[in-house]
Number of protein chains: 2
Amino acid sequence: MPIFLPKEPSKKELLMTAVLYALSDEIRLGIVRQLAAKGEQPCGVFEVDRPKSSLSHHFRVLRESGVVATRKDGKALMNTLRQEDLDARFPGLLKAVLKG
Amino acid sequence: MPIFLPKEPSKKELLMTAVLYALSDEIRLGIVRQLAAKGEQPCGVFEVDRPKSSLSHHFRVLRESGVVATRKDGKALMNTLRQEDLDARFPGLLKAVLKG
DNA sequence: AGTTTAGTTCGAATTTATTCGAACTGTCGT
DNA sequence: ACGACAGTTCGAATAAATTCGAACTAAACT
């Protein structure tokens, strides 16, 4: 069975409640803050006190809500914050979340 | 046994993740939007397709996260959005959430 | 005192999220 | 071809949220 990365919602499909839910978890919020600070990063660099299957779950939530986009780069999966899409759909939200 | 309204966190105690979580539910977000639009309101005016015990649960989540403040006024409980506290602690967040 | 109104609290059922190990896929290096 | 590496997927356990009816409190009115 090939690996299926869950489909990321298009900009138009972004849902406020799903985005807020994804961001309402300390681990995921930490990931998002680090992506905002350092730019594109593979999953592996995040030092989280959880096994990789748990980390993978949190990335899935971030992807499915549309907060993060993932592209394959060799054997790594590179993650970026969907800043522009989020900003277009929910102006000011991400900035406010990252400040707090 | 007297009625205990759960304690509302002080401005300093507001937690980003708790606030985002509280706002990540359609019903609660609807309540918050209506409070923002119409100002202080008793629980009863919100037309939500849920029995009152469920509504009460959602108000509790909003209070415990610090999104809403509640005061007694006769037999009603009046709810207000804690706009100033939220704005002081998380500038721009509420505005962004209400716009979306 | 009794009734109505507003909303909470309790308890239990259901649903949904999180967690983790183990097995897997795909890519790279040797 | 064979490991090693990065990360996903599966499956099952645990934990947490939501839901609701029923019983309750407290204020207001008659």
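This is a predicted model: local features need pLDDT of at least 70, side-chain atom pairs count only at pLDDT 80 or more; totals for chains, interfaces and linings use all residues.
Residues are numbered from 1 along each chain as its sequence is written, chains are lettered from A and ligands numbered from 1 in the order in which they are written, and side-chain values use heavy atoms, with hydrogens and water left out.

Helices (H or I, at least four residues) and strands (E, at least two) are DSSP runs numbered from the N terminus, and two strands are taken to pair if DSSP finds at least two bridges between them. On these terms, chain B holds an open sheet of three strands in the order β1-β3-β2, with antiparallel pairing. Because β1 (41–42) and β2 (68–73) of chain B stand at the edges with a single partner strand each, one side of each is left without a neighbour in the sheet. Helix α2 (residues 26–38) of chain B packs on this sheet and touches β1, β2 and β3 of chain B, contact meaning heavy atoms within 4.5 Å. The direction of α2(B) makes about 85° with that of β3(B), where axes are lines fitted to C-alpha atoms, for helices over the stretch in contact, and angles run from 0 to 180 degrees between N-to-C directions.

Within β3(B), M78(B) is the bridge partner of P42(B), and R71(B) likewise stands opposite M78(B). The pairing of β2(B) with β3(B) is antiparallel and extends over six bridges; these strands form a hairpin with two residues between them, and G74(B) in the turn has a positive phi of about 65°.

In chain A, an open sheet of three strands has the order β1-β3-β2 with antiparallel pairing, and its edge strands, β1 and β2 of chain A, each pair on one side only. Strand β2(A) is joined by six bridges to the antiparallel strand β3 (residues 76–81) of chain A, and D73(A) stands opposite A76(A) in β3(A). Helix α2(A) packs on the sheet, where it touches β1, β2 and β3 of chain A, and its direction makes about 85° with that of β3(A).

In one of them R71(A) pairs with E40(A), the closest N and O atoms being 2.8 Å apart. This pair links distant parts of the chain, with R71(A) in strand β2 (residues 68–73) of chain A and E40(A), 31 residues apart from it, in the loop between α2 and β1 (41–42) of chain A.

Between the chains, 18 residues of chain A are in contact with 18 residues of chain B. The buried area, that is, the accessible area (1.4 Å probe) that two parts lose on being put together, summed over both, is about 1400 Å² between chain A and chain B, with carbon and sulfur atoms giving 74%. M16(A), T17(A) and L20(A) supply 33% of the area that chain A buries against chain B, more than any other three residues.

Technical notes. A salt bridge is a side-chain nitrogen of Lys or Arg within 4 Å of a carboxyl oxygen of Asp or Glu.
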